[in-house]
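Here is a quick briefing on the salt bridges and the strand layout of one protein model. Have a look at the structure first, then go through the notes below.

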Amino acid sequence: MNADSMLRQVESLPALVRDEFDTLDERVRRAINHHDLLSTKRIVLTGCGDSHFAALASELAFKQLARLPCEPMTALKLARYAATYESKAFPRNPMVFGISAGGRTARTAEALQIARAEGALAVALTAGLDSPTARAAEITLNTGVADFGPGPGVRTYFASLLVLLLLAIRFREVRDLVSQDEANALRRELKRSHEALAATLEMARAPAQALAERVKDTAALMFVGDGPNLGSALYSAAKVSEACGLLAIGQESEEWHHLQYYVTALPGMPTFFISSGGRGHARVAELMEPARRAGRLIIAIAPEGDGAIAPRADVVLPVAGSVREAFTPLVYGLPGALFAAQLCALLGRTPFSGFSGAYDAYRPNANNTLNSAIVTRKDLPD
């Protein structure tokens, strides 16, 4: 795995959405029966790392489209703290989606296993069809897409996110909130995001490369977002940390103003404000002045032609097209991943430090994310 393989994955994203959409949609339609979809009173989305960020990024779609309570939470929180205290008023509830690209993440398998023991309907979203996560679930929805070589969670993240958005549409359709024709119109709208991805890639490539050159000696970076694009901010920060080995922090827009705004040790810290023009856009526009006052290098990931945030930024990574806010994470996660790949190449780094030495994820008995001990319900105190 190297920076070139990561960049190839980023470059492949428009084709991924265009070419894999119908296959993933068919799997979503077939995976869960009508009775279970109609019986669902609440949805819980769980996973670790990128999978958790995909859950956060899709929360609005489930609430807005499916009109269901939806709570994204980390797998550790669900397994060790939340699952045992869920209401038992409705059988096979909540519906818990455990997201894990390869299915080997110990905490996600543990969360599904414990949630299922507590009466939830556990659904694995994974390409690992014979993995611990799949075996812990009652239903497995295959999120696998065509192999494109190794890369630090680029294609897998966008595939998981696409499946989650398709699930939100499926819930809306089966619950008779819209007609089948209207649901199919939503699917076509979502699929057309491949056009926005392709155009965004072309527009952002050069300014992202110039930005990487400008900040290559930085000690830390900040990514800020809200609503569904809090997930995009956390995801973008994760790609910089994983690919480049740098400290990169993701934060919600309002919380940034309460917290990291006051960091004085790195006044010129590159700070990315990710805002799609939705409900939080006006608040992000207000943050430009305090960010400027604090001496930050301001990078806007904002709609092409934006007049609220982009004119006040030092650098703009424009996003093409008009996408409904619930679907925007599928496009707004791209510039951060592109920048991370370019910075990784510029610094000559190997993603995940090559999984070598202290970072060997496969070392036996190392308590890593894959081989950590999985507890069961009986291991937890009441």
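Predicted model: local features only at pLDDT ≥ 70, side-chain atom pairs only at ≥ 80, totals over all residues.

Buried here means under 20% relative accessible area, exposed means over 50%, and partly exposed is in between (1.4 Å probe, protein chains only). Residues are numbered from 1 along each chain as its sequence is written, and side-chain values use heavy atoms, with hydrogens and water left out.

**Salt bridges**

- Side chains of opposite charge can pair when their charged atoms come close.
- Searching the whole structure turns up 29 salt bridges (a side-chain nitrogen of Lys or Arg within 4 Å of a carboxyl oxygen of Asp or Glu).
- Asp25 and Arg187 make one of them, at 3.1 Å from N to O. This pair ties together distant parts of the chain, 162 residues apart: Asp25 is in helix H2 (residues 13–31) and Arg187 is in helix H9 (residues 180–191). Helices (H or I, at least four residues) and strands (E, at least two) are DSSP runs, numbered from the N terminus.
- Asp25 and Arg187 also belong to a salt-bridge network that takes in Arg29, Arg170 and Glu173.
- Asp50 bridges to Lys239, with the closest N and O atoms 2.7 Å apart. Here too distant parts of the chain are linked, with Asp50 in helix H4 (residues 50–66) and Lys239 in helix H11 (residues 229–244), 189 residues apart.
- Asp50 counts as buried because its relative accessible area is 16%, and Lys239 is buried at 1%.
- Arg18 pairs with Asp19, the closest N and O atoms being 2.8 Å apart. Arg18 is partly exposed at 39% relative accessibility, and Asp19 is partly exposed at 47%.

**The sheet**

- Five strands line up as E2-E1-E3-E4-E5 in an open sheet with parallel pairing; two strands pair if DSSP finds at least two bridges between them.
- Strands E2 (70–74) and E5 (139–142) sit at the edges with a single partner strand each, so one side of each has no neighbour in the sheet.
- Strand E4 (residues 121–126) pairs with E5 in the parallel sense over four bridges, and Leu125 stands opposite Leu141 in E5.
- Helix H8 (residues 155–174) packs on the sheet, touching E1 (43–47), E3 (95–99), E4 and E5, where contact means heavy atoms within 4.5 Å.

Terms used: Axes fitted to C-alpha atoms, helices over the stretch in contact; angles between N-to-C directions.
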